[in-house]
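Hi,

Here is the structure I promised to pass on.

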Amino acid sequence: MRRTLGTGTSSRTLRTRRTALVAAGLVAALAAGASAAPAFAAPASASAASPAPVSAKATFAKVTSGPDAEALSAALAGLPDHDATAALLRVGGDGSWRGTAGVRDVRTGAPALENARFRAGSVTKVVTAAIVLQLAAEGRIDLDGTVQRYLPGLLTEDFEPITVRQLLNYTSGLRPGASLGDTVEEGFAHRFETLTPRQVVAASVAKGPAYAPGTRQTYGNIHYTVLGLLIEKVTGDSYAHQAQVRIFRPLGMRHSSFPAAGDTGIHGPHNRGYDWIDGKLVDVTDWNMTDRFAAGDLISTTADLERFLVGLFRGRVVPEPQLSEMFTLPDVPGAQFGAALERIKLNGKVVWGKGGSRPGYTAAIAATRDLSRTLVYSVNSTDAKGDGQQAAAERFAFPAFNR
């Protein structure tokens, strides 16, 4: 259970002193873990990071029907703590609220950057779905067309026909592909290695189908890895360049990109990411994410993702009727996802969104269908691939969609 955080109501002098103490505690943990073996394990207690309240830099335009500003401020107060070193938050719609808290680097204690770039993880899937649906609107892809048609030889004869729509809504029946580590513990030692999308898919195919296409919904990266290959085959261009010319440039997303193969860094201003490994806080910012490809390789900012979210929901990215695919659940038991987007209910509101995480980073975009409330956040979670993603959602999404 995530502990309740303080509200950060102490004086500026006390806050400054506490900030220094928290940063010092985290630096000590990081220094101790600088040469740590790549074994992921939660620390025995939260005292390792010596969490204490610090101020959260935030502005809020008060609107009667707006978000719960007090709860959002409380959610940001106390950073950095044992569970996160920084957080960036943007709420829009019928009220606006911006928040930034924590530190950019635990060694220096420098304050977190509100314009920081970060790894957005599976939020990437929404970009991928948008490109595929654009191609469908252009008549270059038939959503009822099959993988076997567009990517001949990718699947073996063991597989029944799998449609593009079934890839989009996670009902393809493909099993998970190859990975350099399913946990931070396993992946840390391999973080500078390269695993190509083709290798990822080949490992999935070798396992055979999990179930008949269109009969179940199973969320996973593999569906969108194949979609990335599909985009490249149909366009004769790289997935990353198609994202630039179709999504980023038209929307003015100047700080969004996909790293080149083998590139391990986040270029431009960013808050460093950390994870508890073998009970020590370790810097995990630099990591080769090639294997995540069209399923989770995006680097962006909260401002860029807000532009994308609003543009998408307003039909400026994908036209109707293709856009409706994102908000249509497949007719299978327990379906929660349309094309990339998940349907959830928060504080009585139906919300569509997508979260994602990579080591050291967790992010999310979400909105009501009419854009009366929008949310984008990035949290430098120290357990992003464990409980950190859900904890961040509970900490920020609930108050953002309150009232």
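Below is what turned up, starting with the aromatic rings.

Keep in mind that this is a predicted model, where local features need pLDDT of at least 70, side-chain atom pairs count only at pLDDT 80 or more, and totals for chains, interfaces and linings use all residues. Residues are numbered from 1 along each chain as its sequence is written, and side-chain values use heavy atoms, with hydrogens and water left out.

A search of the whole structure gives 11 aromatic pairs (rings of Phe, Tyr and Trp, taking its six-membered ring, with centres within 6.5 Å; planes under 30 degrees apart are stacked, over 60 edge-to-face, the rest tilted). One of them is Tyr219 with Phe337, which is stacked at 5.2 Å centre to centre, with 20° between the planes. These two sit 118 residues apart in the chain: Tyr219 is in the loop between helix H7 (197-207) and helix H8 (222-235), and Phe337 in the loop between helix H11 (302-313) and strand E9 (342-346). (Helices, H or I of at least four residues, and strands, E of at least two, are DSSP runs numbered from the N terminus.)

Phe337 is buried, at 9% relative accessibility, while Tyr219 is partly exposed at 35%. The cut-offs are under 20% relative accessible area for buried, over 50% for exposed, and partly exposed in between (1.4 Å probe, protein chains only). Ring pairs also join Tyr170, Tyr219, Tyr224 and Phe337 into a cluster.

Now for helix H3 (residues 124-137): 13 of its 14 residues are buried, so H3 is largely enclosed by the rest of the structure. Just after H3, Gly139 has a positive phi of about 80°.

Cheers
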